[in-house]
Amino acid sequence: MIIVIIGAQWGDEGKGKVVDLLADRFDIVSRYQGGHNAGHSVYVGDKAFVLRLMPSGIIHQDKTCVLGNGMVIDPKAFFEEIDQIREKGVDVSPERLKVSSRAHLIMPYHRALDHTSEERLGNEKIGTTLRGIGPAYEDKAGRRGIRVADAMSPDVLKLRVERNLEEANRIIVLFGQQPLRADEILEEMTPLVERLRPYVCETSHFLAEARKANKKILLEGAQATLLDVDHGTYPYVTSSNPTAGGASVGAGIPPHHITGVLGIVRTYATRVGEGPFPTEMLEGEEDVANLIRERGNEYGSVTKRPRRCGWFDAVGTRYAAELNGFDSVALTKLDVLDALDELKVCIGYEIDGKRIDTFPAVSHDLRQIKPVYETLPGWKTDTLGITNFEDLPDNAKKYVQFLSDRIGVEIGLISTGPERDQTIILKESVMESWFTS
Ligand code: IMP
């Protein structure tokens, strides 16, 4: 069994908790794109883990975790995260953590270039995490990137760093910053790369063998559908493909070996960074946005930026369901809405007085969009920790059913709090079969 798990909105849907729950049933958890721009918060008892590069399965000692070929890896961030997880008593040895020899490395000049690129864009900036993700993928597509396997050879590493830095420094200097020095980069990188060596693996082969041995594999997407470089709100996107097709490429797994796709959807929407957000709560709705931000702790787990909050966008989410082919959806953060009198759901868009029901390709259009809302009554009852669907207040049940109908996919799991056991799994759902098979 190979299941892909993908955020349906602009990220931060609560994938971490769901992956962590499902990981119990799987042998291997692999990421397939992105890098340490991700931030998954996972709570286990009194321990909180913020995972950036690592798949959420890493906190389960008996799981093997894979960083796939589609990822970009900052070696410094990699070891900082390993050290933090170890401090909390979890083993992270090369026996249970495999890094693709084909993944690309993020170098210090990528971080510097991320800054200059954002500066250059001024008001049009993307609002990136400034982790060097975009520039590392640019080098990959430009066929000058440094793959993990290249870095294992000191001569190749030196040659590539010197050559790439020459180009990078031209831009860095143009923006009035100090040029970086190749010898300093090599001095910093060489011991890190040596420490990385035992983790390096031909991960697509490893995953193929695991599948043949009937191991269960979970492919964990980072960021989310509407941040996909092809399908998202371009150019306000990340530089990789979180969507289901990206899982096949980024983990090196044939598409027809993937058995199911799970979408993670939050009961409302948020976005960090710039870019269009049709259902954003703006003037007149600041109080609701603040309430949701506080109740839902909507602050970036990596950058700590307050997240922009908005109503549920059924058009965007249906688009995500169609693109990814969701078999089931996990709906997160139901309890956050307990305090609201009424809930708006965007069921269509209007541009220049014309109604559209699809997600347009031009980000300019998205800015001009007038969402068409349907308003549903709130439930004003505490749902925190409820584990049976029948125990939910009627209006909460109706809200869940409404979203499911609009997205066109079953809701198989409802999260009613941050803890593992604050979860409802719907009976006879596809989701239930993944938990029980
Ligand atoms: P980058 O991935 O750092 O290049 O940032 C590109 C865009 O994706 C920015 O709008 C970021 O805020 C957003 N982004 C990147 N990673 C995440 C994430 O894990 N959650 C939510 N937004 C993200």
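The domain assignment divides the protein chain into domain 1 (2-98 + 199-260), domain 2 (104-196) and domain 3 (264-436); such bounds come from an automatic or database domain assignment. This is a predicted model, in which local features need pLDDT of at least 70 and side-chain atom pairs count only at pLDDT 80 or more, while totals for chains, interfaces and linings use all residues. Residues are numbered from 1 along each chain as its sequence is written, and side-chain values use heavy atoms, with hydrogens and water left out.

**Domains and overall build**

- Domain 1 and domain 3 have C-alpha centres 23 Å apart.
- Between these two domains, 43 residues of domain 1 are in contact with 42 residues of domain 3, where contact means heavy atoms within 4.5 Å.
- The protein chain holds 14 helices and 20 strands; these are DSSP runs numbered from the N terminus, with helices being H or I of at least four residues and strands being E of at least two.
- The radius of gyration of the protein chain is 22 Å, which agrees with the value near 22 Å for a compact globule of 437 residues. This radius is taken over C-alpha atoms, and the globule rule is 2.2 Å times the number of residues to the power 0.38.
- Along the principal axes, the C-alpha atoms fill a box of roughly 65 × 50 × 40 Å.
- Among contacts in the protein chain with a separation of 6 or more, 75% join residues 24 or more positions apart.

**Surface and charge**

- Of the 437 residues, 58% count as buried. Buried means under 20% relative accessible area, exposed means over 50%, and partly exposed is in between (1.4 Å probe, protein chains only).
- The accessible surface of the protein chain is about 18,000 Å², and carbon and sulfur atoms make up 49% of that. Areas come from the Shrake-Rupley method with a 1.4 Å probe; for residues, only the protein chains shown count as cover.
- There are 53 positive and 65 negative side chains, and the centres of the two sets lie 3 Å apart. Lys and Arg count as positive and Asp and Glu as negative, with His and the chain ends not counted; each charge is placed at NZ of Lys, CZ of Arg, CG of Asp or CD of Glu.

- Helix α9 (residues 244-251) is mostly covered, with 6 of its 8 residues buried.
- Those buried residues of α9 are Ala 244, Gly 246, Ala 247, Ser 248, Gly 250 and Ala 251.
- They pack against β1, β2 (28-31), α8 (203-212), β10 (217-220), β11 (260-266) and α11 (314-324).
- Val 4 sits in strand β1 (residues 2-7) and is buried because its relative accessible area is 0%.
- Val 4 and Ala 244 are 240 residues apart along the chain, yet their C-alpha atoms are separated by 6.8 Å.
- Not counting residues up to four places away in sequence, Val 4 touches several residues, including Tyr 32, Leu 219, Ala 247 and Ile 258.

- Ile 292 belongs to helix α10 (residues 286-295), and at 1% relative accessibility Ile 292 counts as buried.
- Beyond its neighbours within four places in sequence, the contacts of Ile 292 include Tyr 268, Met 281, Cys 309, Val 336 and Leu 340.
- Leu 384 is in the loop between β18 (370-377) and α13 (394-407), and its 47% relative accessibility makes Leu 384 partly exposed.
- Leaving aside neighbours within four places in sequence, Leu 384 is in contact with Asp 335, Asp 338, Thr 416, Gly 417 and Gln 422.
- From C-alpha to C-alpha, Leu 384 and Pro 418 are 9.2 Å apart in space and 34 residues apart in sequence.

**Backbone points to check**

- Most residues other than glycine have a negative phi, and most peptide bonds are trans.
- Tyr 234 and Pro 235 are joined by a cis peptide bond with omega of about 5 degrees, and Pro 235 is in the loop between β10 and α9.
- Asn 214, a residue other than glycine, has a positive phi near 65 degrees. Asn 214 lies in the loop between α8 and β10 and is exposed, with a relative accessible area of 66%.
- Lys 380 is not a glycine, but its phi is positive at about 45 degrees; Lys 380 lies in the loop between β18 and α13.
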